[in-house]
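Biologist: I am new to this structure. Could you take me through the terms, one at a time?

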Amino acid sequence: MSAAGQTAQVGAASPDFSWSGPGELDLFGQVMATRPQFAGPIRPLLKLTHITIDAQVAQLLRSDSPRALELNLSQQLAQGWTRYFEWETLIAAGFAVVALVAVAGLRRQSHQAMAKTVVAGLVVVTAVNLGGVLLTASSTPGVLRSVNTLEDLVGADPVTVVPQTGARPLPGVQAVVIGDSTAAAVGNATAANASPLDRACGRSDESYAADLATVNNWNVLNLACSGATVQNGLVGVQVLGDGQVAPSQLVEAQRATHAKVIIVSVGADDVQWSIMTRLCVASTVCNDKVSAAFFSKQIGDFTRSYYQLLGDLASLPGSPAVLINQYYSPFGADLRCLAHYGINAAKVKVLNARLAQLNAVLAQGAQTFGFGVTDPPFTGHELCTSDPYVQGPGDPAPLHPTAAGELAIALADQQVLPKVEGLVPAPSPSPSLSPGQE
């Protein structure tokens, strides 16, 4: 078994089916550095904020001629800087008034003398401020004359390029699984020949990757790792608890040069779902404003990272099909077995609502990029049912799928896997080899 991940092949032991729970764009309003430099003591920061394609931008660009567009842009810039200088002058005057009143008070001046001091000081501050404005404005036309495009004004966003891996290619792999503990099947049986990295990542031979390999007669490379997020695990490397460093799953996936599909399970660790759940259990209520604000921040950050990941997946060599797995809810209608742990219907309602937000982001992103998406059905097999697909509080990985749950995810994936030409069973798989044993 290699340090790069598990390759599930036909001939490996059939999985013992049980299951584990979820593993783990304020695209607008971000300040962008500007290229133009303005001489003078006052240098306004140009930023793009609250831009919407079908509103401000579309209206700006609906011009009858290039000259009209040029005038429109000039007016927008002039209005923006005018507002900036007005506010800057008012703020400077306000601070000056506070300072002058304080000085006059320390000198025990009369009200009349204090008024004269404040007025005189305001005149000086305003004059200095206007001088700075004029000095800045005098150099602005010359700088803006060299601006011909939006890139000249605000710069270009660097394109994320996924580096090519220098490791040996794996042309015999037909499908790749990347993601977190749900895809790794943490808490289930680990293969006897698992590598140290496989064990540190919690990879199991009862994962849905292994199930798909068995059902389809595929070689499936499982790169998933417990605790993986988009930035720390999928796009970038992941530092594990024992000090090992798991390489970027996206980079490792490129070793599968002939893979026709990549299956992704990610998001729960990005929004710190396990922490949110534990806090909910320990708290009287789960919908307090602090936790709601925390989750909102997490889901916003994840959205940006997720769309970056989707863009990287869309640009992979060979253009493999991509399937995004949503998360299941581990909680059903019957919560009696969880009452001892502080779980009630009100708390479950909040947790399920936040899980639905995460799943909505996953589904919308997949739809935007034309990728497949699946929602594994766990209804009737949640915690407290007679046949749960979720590990309970006393199991190795609470709320994670059992082997049966992993099989349920595999069956859901099987039903919606893209019908990609060339995705056929391996002709004659060799005995189970990991990438490091070739």
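Biologist: Which residues of strand 8 point one way, and which the other way?

Modeller: Ala321, Leu323 and Asn325 point one way from strand 8. Val322 and Ile324 point the other way. In a regular strand, side chains alternate between the two faces of the sheet. A note on the source: this is a predicted model, where local features need pLDDT of at least 70, side-chain atom pairs count only at pLDDT 80 or more, and totals for chains, interfaces and linings use all residues. Residues are numbered from 1 along each chain as its sequence is written, and side-chain values use heavy atoms, with hydrogens and water left out.

Biologist: What makes strand 8 largely enclosed?

Modeller: 5 of the 5 residues of strand 8 (residues 321-325) are buried, so the rest of the structure largely encloses it. Buried means under 20% relative accessible area, exposed over 50%, and partly exposed in between (1.4 Å probe, protein chains only). Strands (E, at least two residues) and helices (H or I, at least four) are DSSP runs, numbered from the N terminus.

Biologist: How do you know which strands pair with strand 8?

Modeller: Pairing takes at least two bridges found by DSSP. Strand 7 (residues 261-265) is joined to strand 8 by 4 bridges, and the two run parallel. Strand 9 (residues 372-374) pairs with strand 8 over 3 bridges, also in the parallel sense. Ile324 stands opposite Val264 and opposite Val373 in strand 9.

Biologist: Why are the buried residues of helix 9 said to line one face?

Modeller: Helix 9 (residues 273-282) buries Trp273, Met276, Thr277 and Cys280. Seen down the helix axis, they fall within an arc of 100 degrees, so they line one face. The arc is taken from the directions from the helix axis to the C-beta atoms. Exposed Arg278 and Ala282 sit on the face turned away from the buried side.

Biologist: What covers the buried residues of helix 9?

Modeller: The cover includes helix 10 (289-314) and helix 11 (345-369). Contact here means heavy atoms within 4.5 Å.

Biologist: What makes a set of residues a nonpolar core?

Modeller: The members are buried Ala, Val, Leu, Ile, Met, Phe, Trp, Tyr and Cys residues, joined through side-chain atoms within 4.5 Å. The largest such core has 72 residues, and Val176, Val264, Phe302 and Leu313 have the most contacts inside it. Helix 11 gives the largest share, 8 residues. Another core, of 5 residues, lies apart from it and includes Leu197 and Cys225.

Biologist: Why is the pair of Tyr306 and Tyr307 called edge-to-face?

Modeller: Rings of Phe, Tyr and Trp (its six-membered ring) pair if their centres lie within 6.5 Å; planes under 30 degrees apart count as stacked, over 60 as edge-to-face and the rest as tilted. Tyr306 and Tyr307 lie 5.9 Å apart, centre to centre, with 90 degrees between the planes. That makes them an edge-to-face pair.

Biologist: Are Tyr306 and Tyr307 buried or partly exposed?

Modeller: Tyr306 has 0% relative accessibility, so it counts as buried. Tyr307 has 21%, so it counts as partly exposed.

Biologist: Why is His381 called partly exposed?

Modeller: His381 has a relative accessible area of 21%, so it is partly exposed. His381 lies in the loop between strand 9 and helix 12 (403-416). Setting aside neighbours within four places in sequence, His381 is in contact with Asp387, Pro388, Tyr389 and Val390.
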